[in-house]
Amino acid sequence: MGNTEAATVTNKQIIFPDYVSGFPKESDLKITTNTVDLRLPEGSKSVLVKNLYLSCDPYMRICMGKPDPLTSSLVPPYNTGEPIVGLGVSKVIDSGHPDYKKGDLLWGLVGWEEYTVITLTPYSHFKIHHTDVPLSYYTGLLGMPGMTAYAGFYEICSPKKGETVFVSAASGAVGQLVGQFAKLMGCYVVGSVGSKEKVDLLKTKFGFDDAFNYKEEQDLNAALKRCFPEGIDIYFENVGGKMLDAVLINMKLHGRIAVCGMISQYNLEDPEGVHNLATILYKRIKLQGFGVFDFYDKYYNFLDFVLPYIREGKITYIEDIAEGLESGPAALLGLFHGKNFGKQLFVVARE
């Protein structure tokens with residue numbers, strides 16, 4: 001600690017220049033380079049990390065909008081002129097914090113850059129103890145998306161064996177896991193996705209009972225009636241808009257809806273209306289929004305639950321990995337056009 005002749009290295013960054021409306025473009029993110037000292041100043045309680053894998057997640061679009069008290073209660077807006085902040089897997093280069101030493105691996109919030117100085121707050125970062133699984137999994141299956149699927153499905157939906165489960169955006173980072181958790185519970189599971197290839201993926205790779213391409217369905221209500229003639233017990237909501245409207249009239253009495261995301265609405269200036277809300281009353285539906293960080297105290301329970309399934313090959317996880325920091329903007333923006341196959345992330349460095 002406190003080496004006055006600290007080595008200084010270049011630090012490539014992806015900067016957020018200004019707030020975005022509508023669909024973001026690659027020109028809305030700028031790649032720049034600054035420098036960073038590889039030693040922290042004397043007395044620092046921070047941790048300097050080298051970023052290995054960075055995660056692209058739909059919620060990041062909300063952070064790109066103008067500061068809004070409504071959305072910032074869930075996710076804070078980005079600071080203009082600073083690197084984008086997201087979840088990543090990193091290696092400790094220098095530490096002034098008693099819980100971390102050089103060489104430790106962790107996942108949590110970091111800048112979209114090669115090196116980040118992080119200040120630890122409760123549940124902002126988690127140390128990685130299990131390295132017999134791919135490190136990149138901590139951006140997805142073993143990180144925030146995995147925890148999201150676990151909390152939303154088990155804690156909010158209270159599933160029972162034999163129930164019917166519908167998942168939208170079902171091949172994404174969260175949806176692919178909800179479907180597999182539901183199958184492990186003995187549920188009947190259907191997913192909606194945006195391409196024929198993704199439909200095949202759900203059925204062949206993730207074990208969904210059925211799936212449909214929402215872009216090919218003239219009538220979403222009819223598609224849901226076809227897949228769920230008796231109705232839906234549990235809906236894991238990732239998209240909002242027209243899909244939510246159609247689901248509401250196909251829910252069973254005392255159905256449960258976990259609202260995880262509404263990706264169809266994030267780029268719209270005027271969000272779409274939902275017309276079938278009275279169904280919530282008539283069918284006594286539980287509809288609950290949630291933020292994964294409300295459940296981070298259960299993270300290690302989640303690991304105990306999920307790691308054996310991974311090691312036994314009972315859970316499959318598909319990642320869409322882009323190479324290099326420069327690939328970050330295109331990888332992130334591809335999410336909003338359905339370009340990703342599985343969990344989208346990019347590699348900054350492999351070690």
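Across the interface of domain 1 and domain 2, five residue pairs are in polar contact, both partners at pLDDT 80 or more. A polar contact here is a pair of N or O atoms within 3.5 Å; within protein, one must be able to donate a hydrogen and the other to accept it, and residues adjacent in sequence count only if both atoms are side-chain atoms. This is a predicted model, so to speak: local features need pLDDT of at least 70, side-chain atom pairs count only at pLDDT 80 or more, and totals for chains, interfaces and linings use all residues. Numbering runs from 1 along each chain as its sequence is written, and side-chain values use heavy atoms, with hydrogens and water left out.

**Domains and their interface**

- The domain assignment (bounds from an automatic or database source) gives domain 1 (8–140 + 318–347) and domain 2 (144–293).
- Taken over C-alpha atoms, the centres of domain 1 and domain 2 are 28 Å apart.
- Domain 1 puts 22 residues into the contact and domain 2 puts in 17, with contact meaning heavy atoms within 4.5 Å.
- About 1600 Å² is buried between domain 1 and domain 2, and carbon and sulfur atoms give 65% of that; buried area is the accessible area (1.4 Å probe) that two parts lose on being put together, summed over both.

**Nonpolar cores**

- A nonpolar core is a set of buried Ala, Val, Leu, Ile, Met, Phe, Trp, Tyr and Cys residues joined through side-chain atoms within 4.5 Å; buried means under 20% relative accessible area, exposed over 50%, partly exposed in between (1.4 Å probe, protein chains only).
- The largest core has 90 residues, and Trp 107, Leu 142 and Leu 332 touch the most other members.
- Helix H3 (residues 144–156) supplies the largest share of this core, seven residues.
- Both domain 1 and domain 2 give this core at least three residues each.
- Not counting residues up to four places away in sequence, Leu 332 touches Cys 56, Asp 57, Met 60, Met 64, Ile 84 and Trp 112.
- A second, separate core has 20 residues, including Phe 228 and Met 251.

**Helix H3**

- Helices (H or I, at least four residues) and strands (E, at least two) are DSSP runs, numbered from the N terminus.
- H3 is mostly covered, with eleven of its 13 residues buried, among them Met 144, Tyr 150 and Ile 156.
- Ser 158 follows H3 and has a positive phi, near 40°.
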